[in-house]
Amino acid sequence: MRGLWGRVWQRRTPFVVLMAVVGIAGTVLATRDSGGGHLAANQAQLRKACDGTLPYGDLERLVRDERPGKLREHGTMLAPGQESRSLLDCSLSWGDGYGVTVHAEALVSDVPQAVEARDLLEPAGGRGTFVAPGTTGQYGKRGAWLVTDCLGGLGGRVRPTTDLYVTARVTDGTNGADDPDDSDEADDSDEATSRSGKPDRATALLGFRTAVQVANVLTKAQHCGSGPLTMPKTVVDTDETHGAPGRALRKCEWIDGSSLPGIASGAWTTLGDLQESTGLSACAGEWDVEKNAGRRPRPKEWQVTEVEAASWSGVLGRSAYDSYEREGHVPGWGAQEGESPSEAGSEADADRGVLRQEDRVSSYAGRPQLALWARSVCGGRSTYHRVAVLPEIQLGDGETAVISGKDRTRLSATARTVLDRYLDAEDGWPASADCRDTKVLGEVEQWH
């Protein structure tokens, strides 16, 4: 019997081995179909996706193996002649919250981001965000965004334009979005990111590097005639709770209580935007209550205790001006027909020494201030400048204060002094941008 079973086993051994091999192979094939084996294909897809604009070296680590990549893309760069406002709209995801979404368009209207002075100085309503020094943009709700020039002109739109707008949002599995290219889920994820504050620093940097790479590939393909943007190597957190990154910047040193006529004397604290952009800049200064305590008396009512100054070039200038105009805060807004902006804004009156009439300021005016606008040519581009002086004023809810004609005239003189100092400051942005041919446009009383 033992010999018989031995002979039977010997005869069956090849069959058993064959079945085992088939079983292992089947298991491998099932694994490839259900949850693995896609890494090489996904990496190859990343290299070609979005018209080859994505930075493979930065995004390679996000590629997953478990499932095939999901790609959605359209735009005039991919299909010239198609009806689309986008040069490129592209999303690539690998599931579990890993993916990248980019958008690029030739701007024929305003920049779709807030760029008023306070948006530059206190991004995200004061909660802070990330900026990449040297890149004109911020990290916003939809990821990193930037604006750059294409001097040779961008194709793909009916109206000619030289302004390129790019956004890039990279997700690394930590924000809960399963498919970044799904609009509904992306909206939910954006809201979650907004509630938690900001993404981490590495994610923000990855977003900026992706946006810059997309912009550089597109401007080269469009024969823009300008050099590539510098690839960011770091980002800066603008949140003041993480230190004071925007405090005491050299470009804002001209705001000095000891040398700037018309503002309250004493120690001042300054704040500047951190973009280091050739297209925009902003500075602000405030009389420092803590530093002046015990050394200087509290400023009298209507003395200037805050100062703002900002500049925007090109499409950014148009966007900022339009934004203020929608609020009624530009020279000549609401003027009678036939009245010039300078007549409505009264800046010319201040130069002539004309005493203004007294006026009333309501507590509902928000932050009462007198703004002065000007326009120059900076770096070959039309540029708007706006300065504002904010007086010391104590108002309870529902109360109204009266500003005398003398104090009102003094505010005009101070605003003009601030504008002149800002434009002439050796280390200021206007000097670095070689601003010239400046024309004062007029004042805006932001307390009505």
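**Tryptophan 302**

Tryptophan 302 lies in the loop between helix H7 (289-292) and strand S11 (304-313); helices (H or I, at least four residues) and strands (E, at least two) are DSSP runs, numbered from the N terminus. The model is predicted: local features need pLDDT of at least 70, side-chain atom pairs count only at pLDDT 80 or more, and totals for chains, interfaces and linings use all residues. Residues are numbered from 1 along each chain as its sequence is written, and side-chain values use heavy atoms, leaving out hydrogens and water.

The phi angle of tryptophan 302 is near 80 degrees, a positive value in a residue other than glycine. Tryptophan 302 has a relative accessible area of 8% and is buried (buried means under 20% relative accessible area, exposed over 50%, partly exposed in between, with a 1.4 Å probe and protein chains only).

**Aspartate 437**

Aspartate 437 belongs to strand S16 (residues 436-446). Its phi is near 55 degrees, also positive in a residue other than glycine. At 64% relative accessibility, aspartate 437 is exposed.

**Helix H2**

The 14 residues of helix H2 (residues 39-52) should span 20 Å at 1.5 Å a residue, and the end C-alpha atoms are 18 Å apart, which agrees. The expected span is 1.5 Å times one less than the number of residues. H2 bends by about 35 degrees at glutamine 45, the bend being the angle between axes fitted to the seven residues ending there and the seven starting there.

Asn42, Gln43, Leu46, Ala49 and Cys50 are buried in H2. The buried residues of H2 pack against helix H3 (56-59) and strands S1 (70-74), S2 (88-95) and S3 (98-106), where contact means heavy atoms within 4.5 Å.
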